[in-house]
Amino acid sequence: MPNLKKKQFLSSLKEILWPIERSELKLFIPMSFLMLCILFNFGALRSIKDSLVVPNIGAEVISFLKLWLVLPSTIIFTLIYVKLSNMFDYEYLFYLIVSFFLGFFLIFTYVLYPDQDFYHPNLEYAQGLAEAYPNFKWFILIASKWSYALMYVFCELWSAVVINLLFWQYANNIFDTTLAKRFYPILGMVGNIGLIMAGSVLVTFSNIPFGVDGEILDKYSLKQSSLVLQPIMTTIIISGCVAMGLYRYINKYLVKTDKLGNLLSHTQDDTRTKLSVIDSVKLILRSKYIGYIVILLLCYGLAINILEGPWKARVRELYPNTVDYINFMGRFNIYMGISCVVVALIGSNILRKFSWLTAALITPGIIACTGIIFFVFVIYANDIGMIGSYSPIYLAVIIGAIQNILSKSTKYTLFDSTKEMTYIPLSLELRTKGKAAVEVIGLKFGKSLGAFSQSFMFILMPASTFDSVTVYLMVIFVLIIILWVLDVRKLNKEYIKLKGNKE
C-alpha cells in the first residue's frame, strides 16, 4: 500500500513537472533545442537593437521606427511569404528566411557598424537639420543612423517571422490539440533557457575590457562597442546555423519517417498551399475567427508598446552608452529567462487543469496589474523622491524591469500557448496564410498603433517627452486591457465551437 501511494505521488509529480512520455522524447528534445536556439537569438537581438537606437538616438525614436519602418516591412514580408508558401514547403522556407536574416546580421556587424562614419551622414549636419526642422527631428535623426534603423527592423522581424510564424506554424502542423496542451508550455520552458544563455553571453562580452596596443578602450568609443558586438553576433549566427541543422534533422529523421502517437507526417505537397495572394487575403478577411485572433495580438502589441517607451527612456538615463546598455539588457534577459522557466512550469498545469479561457485571461490580468503600478510610480516619482540610497530613476528602471519580466513571462508561456492552440482546428490555408497575416502583420500593427499615438504627439509637440505624456498613455493602456478581455471571451466561444466540430 505505501508503495502504491508512493507511485501515485511520483506519477502526479511527473505529470505536473514533466508531462512528456518517454516515447515522445525523440521528437520533443530536438524541437525544444530548436526553440532554444531561436529564443537565444531573439533575446540577444532584442537587447542589441535597443542598445543601438536608445543610447544613440533616444527612446522616443522607437515609436517612429515601429510605425514608419517596422510596419511597412512586415506587410511587404508577409506578401512575399504568402507568395513563397505556394512555391516551397515549410522546410525550404525556413532555410531561406533564416539564412537571409543571418546574412544581414553578418554584414551589419562586420561592414556597416565598424565603418559607420563612412556610411552615415555627418552627425553635426544632421543635428543642425533637426534643430532647423523640429517637427521632423526624429525622422532626420533616424536617417542619420540609417544602419541602426535597418538593424532594428531586422531584429524586430526575427521575433515575428522566425518565432511566431516559422517555428509555431511548423509545430501547429505537427501536433494536435491534445498534444499541444502538454508539449507547448514545456517547449516554452526549455526554449526560454535560451534567454538566460543570451543574457549570460551579453553580460560576459560587455564586461570584457577590450584594448588596442595595450591601452584599454573607452566604453563610449565606437571601437569598444564594435569589439563587444562582434563576438555576440558571431554567437547568434552560429546559433542560427545550429537551428537550421536541427530543423533538417527533425524533417529527415522524425516527422517524415515516423509517426509518434497522433503526430502527423507531411510531404512537401501537404505543406504547400494553393491560393493566390488576393484569394488568401479574401479568405482571411472573411474569417471572423481570424479577426478575433488579430484583435488579441493588436491589444498585446498596443499594451506592450505603450509600457516600453517610458521604461526605456529611463533606462537610457541610467545607462547612456551602448556597452552599459547591452550589459543591463543582458542581466535583464537572465532574470527574464529564469522567470519564464518558472512561469512555464505553472502555466503547463494551468493549461491542462483549467479551461482555455482561464489560461488566456491570465496574461492581460498580469499586464494590467503590473502596468498600472509602473505608470502610477512614474507619474508620482518626483513626489516620492529618494527611497533610501536609491534615486527615482533607478527605482523606475527596476519597477519597469519587473513589469516587463512578469508580463512577458506570461506572454511567452500562457499567451503564446493559448494563441497557438486556436490555430490547430483551422484548415491548412488558414493555418498557413491566416497565421502569416495575424502573426507578422497583426502583432506589428498593434505595436505600430501604439507607436502612431506616441509619434503623433512627438511630431505635434517636438519638445514633449515620455515624462510629459505618461498620464495620457495610462488612460489608453486601461482601455486596451478592457478591449483585450472582451475579445478573449468572444474568441473562446468560437474556439469551443470549432474544436467541437473537428472532434
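Helices (H or I, at least four residues) and strands (E, at least two) are DSSP runs, numbered from the N terminus. By this scheme the protein chain holds 19 helices and two strands. The model is predicted, so local features need pLDDT of at least 70 and side-chain atom pairs count only at pLDDT 80 or more, whereas totals for chains, interfaces and linings use all residues. Residues are numbered from 1 along each chain as its sequence is written, and side-chain values use heavy atoms, with hydrogens and water left out.

**Exercise 1.** Locate Ser206 and describe the surroundings of its side chain.

*Solution.* Begin with the helix: Ser206 belongs to H10, which covers residues 193-206.

**Exercise 2.** Determine how H9 and H17 are oriented to each other.

*Solution.* First take the axes (lines fitted to C-alpha atoms over the stretch in contact, with angles from 0 to 180 degrees between N-to-C directions): those of H9 (residues 177-191) and H17 (residues 392-423) come within 10 Å and cross at roughly 160°. The two helices are therefore roughly antiparallel, a class for angles over 145 degrees. Finally, identify the residues that meet, among them Tyr184 and Pro185 in H9 and Met421 in H17 (heavy atoms within 4.5 Å).

How values were computed:
Polar contact = N/O pair within 3.5 Å; in protein donor to acceptor, adjacent residues only side chain to side chain. Parallel < 35°, antiparallel > 145°, perpendicular 65-115°, else oblique.
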